[in-house]
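Subject: Structure handover

Hello,

Here is the structure for you to look at.

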Amino acid sequence: MADGSALSASLDLLAYSPPGWGANLLRGLGNTVLIALGAYGVGLFLGTLGAFGKLYGGPLTRDLLGLYTTLVRAVPELVLILILYFAVTDLVNQALLAMGYERIQISGVAAGIMVLGVVQGAYATEVLRGAIQSVPAGQIEAGRAMGMSPLLVARRVMLPLMLPAAIPGMANLWMIVTKDTALLAVVGFNELVQESRQAAGTTKAFFTFFMAAGVLFLCMSLVSNQIFARIEAWANKGTKRGGI
Amino acid sequence: MSLADPIRRHMPLRRWVLAAIGLGIIAYCALALNWSWLQTPKYQGMILQGVWNTIWILVVTMVLGFILAIPIGFVQAAGPWYLARPAQAFCTVIRGTPLLLQLWLLYYGLGSLFPMYPWIRESDLWPILRQAWPYAVLALTLSVAGYEGEVMRGAFKGVPQGQLEAARAFGMSRWGVFRRIWLPQAVAGVLPTIGGETVLQMKSTPLVATITVIDIYAVASRVRQDTFIIYEPLLLLALVYLTIAGVIVALFAWFESRLPKRIA
């Protein structure tokens, strides 16, 4: 099977222009990157709020945030996607109906970003909380003693000192969110895996298309690794290297 | 946190309020939502079967994957380059692509290639290869091997050199050192990580429903399709997974408590 003609037939299937499915796969890749970026941003935002809430919030805030991180991290993303998708669509529509508007259909991209963002937020909360805790208390106290406002302390003292501890975890979360976008294929959203499944279903070349999607994912993760290595080197500038 | 600690003895008021709200929500869900489908014997049987399938797939793939992860981690930590490089590449590929894609590649991809070879179709294994669960078990096992291989690499490297030298000085063989010193210390060091990874693996199991393996997720989807009930089966699913996650966490906490710890 693995002779030259099979290989060239596979390559024809992957060509960019229409008898080939390359354009579809690239469009899927674009959607995957878009959702991953959006969800990562939402997750970072929720995670920052969650981390500060867990560390500096009142007891009730802490309990509620503990509930959020525990529940979200114990239930499969696939189930959460379904629950949140239906629940949020329902709530939005009921609110719209109550206000006298028409029902709307929430777009797949928006739903995907929102759901994966909520999941990411739970993990980011824990990553950022650990990173903030790694900042020596004396540094923060010194900042306050200098008369800095809490925001200024956060920006000038906390952020630069916590970044080295936060970036490995945040890099990991980026890897997770790029791969979690594949789950949206199950609810029928046209990201990379779904596009390759459609192409494979039409042409019956399952192996070719899933391999191609895998290679694209792998490239994405290798490029991301490089970028995060750069960011990590940048965040670590000025710290001592080597030795424990 | 000794017994004499007076603050710890009473649950604070806000916890009681939260617990009351939680119970209220549960009571609302139990009374106001439509659970009539739970009383049908057909669905009861399917749910039990689904939970059982989820659990055995989780246990089998974790055990097999971990057995694979030990050599994969070890050759990366201490092996020659011609073993370390392929192991590293394997971990990169598994960790760099979505599990769903790996699963579909194996099931649809291999599944579409196998029938082209007559000797596979004529072999005794064909009745097994035609089913979906071998592909589910294979994909999930490889996934565990990839992620845990990376964990074990760090674990093997983390065992202090002095321990190994001491064992050699006692006259242990190389295999004896590995079996009695290196491996146990490496595994003991990563037990908390493995517990967390087991929960992550549990969260990956519903993916097998996409290749027609009937786990609890597939059962819930089936109920939703049959009865047009949207939320209740999903809530049951969340409850089942929460329970399994709780059991996993408790089991690993018990494991860890059994390990001898050196108290300085």
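Below are the conventions, then the findings.

This is a predicted model, in which local features need pLDDT of at least 70 and side-chain atom pairs count only at pLDDT 80 or more, while totals for chains, interfaces and linings use all residues. Residues are numbered from 1 along each chain as its sequence is written, and chains are lettered from A and ligands numbered from 1 in the order in which they are written.

**Chain A against chain B**

The contact takes 32 residues from chain A and 31 from chain B. Two residues are in contact if their C-beta atoms, placed from the backbone, lie within 7 Å. On the chain A side, helix 3 (59-74), helix 4 (77-98), helix 8 (192-203) and helix 9 (206-235) each supply at least two residues. Helices (H or I, at least four residues) are DSSP runs, numbered from the N terminus. Helix 9 of chain A gives the most, with 10 residues. By class, the chain A side has 25 nonpolar, two polar and five charged residues. Nonpolar means Ala, Val, Leu, Ile, Met, Phe, Trp, Tyr, Cys and Pro; charged means Asp, Glu, Lys and Arg; the others, Gly among them, are polar.

**Helices 3 and 8 of chain B**

Helix 3 of chain B spans residues 41-78. Its axis and that of helix 8 (residues 133-158) of chain B come within 5 Å and cross at roughly 40°. Axes are lines fitted to C-alpha atoms, for helices over the stretch in contact, and angles run from 0 to 180 degrees between N-to-C directions.

Ala69(B) lies in helix 3 of chain B. Ala69(B) is buried, with 27 other C-beta atoms within 10 Å (the cut-off is 20 or more). Beyond its neighbours within four places in sequence, Ala69(B) is in contact with Val144(B), Ala145(B), Glu148(B), Gly149(B) and Met152(B). Ala69(B) and Leu142(B) are 73 residues apart in sequence, yet 9.0 Å apart in space, C-alpha to C-alpha.

**Helices 11 and 12 of chain B**

Helix 11 (residues 216-227) and helix 12 (residues 231-258) of chain B pack at about 165°, with their axes 9 Å apart. They are therefore roughly antiparallel (over 145 degrees). Helix 11 of chain B contributes Ile216(B), Tyr217(B), Ala220(B), Val223(B) and Arg224(B) to the contact. Helix 12 of chain B contributes Pro233(B), Leu234(B), Leu236(B), Leu237(B) and Val240(B). The classes are nine nonpolar, no polar and one charged.

Best wishes

Methods:
Buried ≥ 20, exposed ≤ 12 C-beta atoms within 10 Å, placed from the backbone. Parallel < 35°, antiparallel > 145°, perpendicular 65-115°, else oblique.
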